[in-house]
Amino acid sequence: MVMKMSRLYAPTLKEDPAEAELASHKLMLRAGMIRKQAAGLYSYLPLAWRSLRKIEAIVRDEMDAAGAQEMLLPILTDADLWRESGRWNAYGPELMRVTDRHGREFALGPTHEETITDLITNELKSYKQLPVNLYQIQDKFRDEMRPRFGLMRGREFIMKDGYSFNATQESLQETYDAMKQAYANICERVGLKALPVVADSGQIGGDTSVEFMALADAGEAALVYCDSCGFAADEEAATTTVPVSEGPGDGTLTKVHTPGLGSIEAVAAFFGFPENGTRKSLALITEDGTPVVAIVPGDHELNDCKAEKLFGAYHLMTEDELTEYGLHKGFIGPVGLPEGIRLVVDETLRDSKSWTCGANEVDYHYTGACPGRDFTVDEWADLITVHAGDPCPHCGEALAGARGIEVSQVFQLGTKYSASMGATFTDEDGREKPFLMGCYGVGVSRTLAAIIEQHNDEQGIIWPVSVAPYEVSVISLDKKGEALDAAAAIADELEASGVDVIFDDRAERPGVKFADNDLMGFPYQVIVGKRGLANGTVELKSRATGEREDVALDEVALRVADLVKAQRA
């Protein structure tokens, strides 16, 4: 039976809700697609649910084609499994923890590496049973400190998470590559312009990871990419060699009075050279309490993600800590660094032999400071955040910058979970080995929001056909009579031909109907009125282009059905 707009549960709003900041959040609330139950918790109304089910169908289609098998794991996961993997404490306060009436601890799964590894431990025993690739589509939970942006960052969300178990690195790479291609296919089929970017694995772990970032001004993630060779990376994970300048003078170590010049900008202006000719020194305390001075080029920043990998949960020194270690904010440098402070320097500066840097004395800087001669570096490391304009690490061309929404990610986990949880198999030589694992996630509800971020205008949503809740709306301009009957007949014919159609039969003014249909974003509108019927025609409108054309009444259903089917994923 054709869905009638008069029966559709989609309470629309005329104004943007004050709480909504992103286009997707505003439009889903206004179009009657979602409703907030509490911070980070949303109900999916019929229109949103239909689109979510279409996204899920595309995901299932690609997963099944790549050889993965669907299953379902418990949402509630035993805390003991998280302790085995070491993540019960490491995951932090975002892990939703509950205790049952017997005092036993559980977590509401944000992801299911522990559960799936425990499942297969006693089931897969031989290399002959491998590889295995399993996935599920399920609600996930994270206790976000600041849930915001609608479906972008919630406490409950829908995710497809998949896990592979392989005997060899070659086999894992094959599965990983197949999943990466499947994820690229998913983005294309749902209508997302997305870049596969080199990413940090975060709390999931593993050494190899690629995120699929939907390009959007509202994206939380900053990324860099190269138009010349196709390289792309999250700023947190990007690595390159940036150009640096040498300081003034002949390379002789010289102390210079720089009164009040405690910033990179002021020092560069004082000496008359670019900021990349200075060296930025940051004092911090590592997770184990070690004092560290980290040095990066003056025109770049210390990358928090890279620093955490190197130092653990570090923090910048407070004023009291600076005093305790004999350091002076704005004038910290490597020469004459107090004893006991570890000196870590960005790799980019390894070949630089004439530094302009703080002199560890208020109102003084050094020029001509040379590593190895004037001070000793304890460790060289990749520390900086890569910017737009920096050279591409692959081809050397200037990188471009963008913002993106992470919609999916693939990881090579290696033995991170299998080794810690004792999940092993017997290889061809009879040796017991931990499984090589991969992990593959798609944020289904986030993908819905990302699609809207890329496909909207001032009037509302512009759905790609592949994920539209309804592909066509048939709009009667009259409350009764010939136009209403003709519109109903067209809707029935479209449904019979396999098109997802909704019939706007409401007793509303045409302007209200047009506004609502544009807001809800149905890809095609068939508009039926008395004037057109008098000429044997109806009007066909494309939501994406705004183009309108008159089509013969007896041809419109076939014409629209052909248009829709040609654009389905």
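The model is predicted, so local features were taken at pLDDT of at least 70 and side-chain atom pairs at pLDDT 80 or more, while totals for chains, interfaces and linings use all residues. Residues are numbered from 1 along each chain as its sequence is written, and side-chain values use heavy atoms, with hydrogens and water left out.

Helices (H or I, at least four residues) and strands (E, at least two) are DSSP runs, numbered from the N terminus. Two strands are called paired if DSSP finds at least two bridges between them.

Another open sheet is built from 3 strands in the order β14-β20-β19, with antiparallel pairing. Here β14 (254-257) and β19 (355-358) take the edge positions, and each has a single partner strand, so one side of each is left without a neighbour in the sheet. From one strand to the next, the twist averages 30°. Strand β19 pairs with β20 (residues 364-369) through 3 antiparallel bridges, and W355 has A369 of β20 as its bridge partner. Helix α7 (residues 264-271) packs on this sheet, where it touches β14, β19 and β20, and its direction makes about 105° with that of β14.

Strand β15 (residues 279-285) has two pairings to look at. Strands β15 and β16 (residues 291-297) run antiparallel and are joined by 7 bridges, and L284 has V292 of β16 as a bridge partner. The hairpin of β15 and β16 has 5 residues between the strands, and G289 takes a positive phi near 90° there. Strand β15 also runs antiparallel to β17 (residues 315-316), with 2 bridges, and in β17 the bridge partner of L284 is L316. On burial, the cut-offs of relative accessible area are under 20% for buried, over 50% for exposed and in between for partly exposed (1.4 Å probe, protein chains only).

The buried set is E113, E114, T115, I116, T117, I120 and T121. Over in helix α6 (residues 169-190), Q181 has 46% relative accessibility and so counts as partly exposed. The C-alpha atoms of Q181 and E62 are 9.2 Å apart, although 119 residues separate the two along the chain.

Helices α1 (residues 23-30) and α11 (residues 444-454) pack at about 100°, and their axes are 8 Å apart. That makes the two roughly perpendicular, a label used for 65 to 115 degrees (under 35 is roughly parallel, over 145 roughly antiparallel, the rest oblique). Helix α1 contributes A23, S24, L27 and M28 to the contact, and α11 contributes L448, A449, I452 and E453.

The structure holds 0 disulfides, a disulfide being a pair of cysteine sulfur atoms within 2.5 Å. The closest cysteine sulfur to that of C226 belongs to C395 and is 3.5 Å away, which is too far for a bond. With 4% relative accessibility, C226 counts as buried. C370 is in no disulfide either, and its nearest cysteine sulfur, in C357, is 11 Å away. C370 counts as buried as well, at 12% relative accessibility.

Definitions and conventions:
Axes are lines fitted to C-alpha atoms, for helices over the stretch in contact, and angles run from 0 to 180 degrees between N-to-C directions. Contact means heavy atoms within 4.5 Å.
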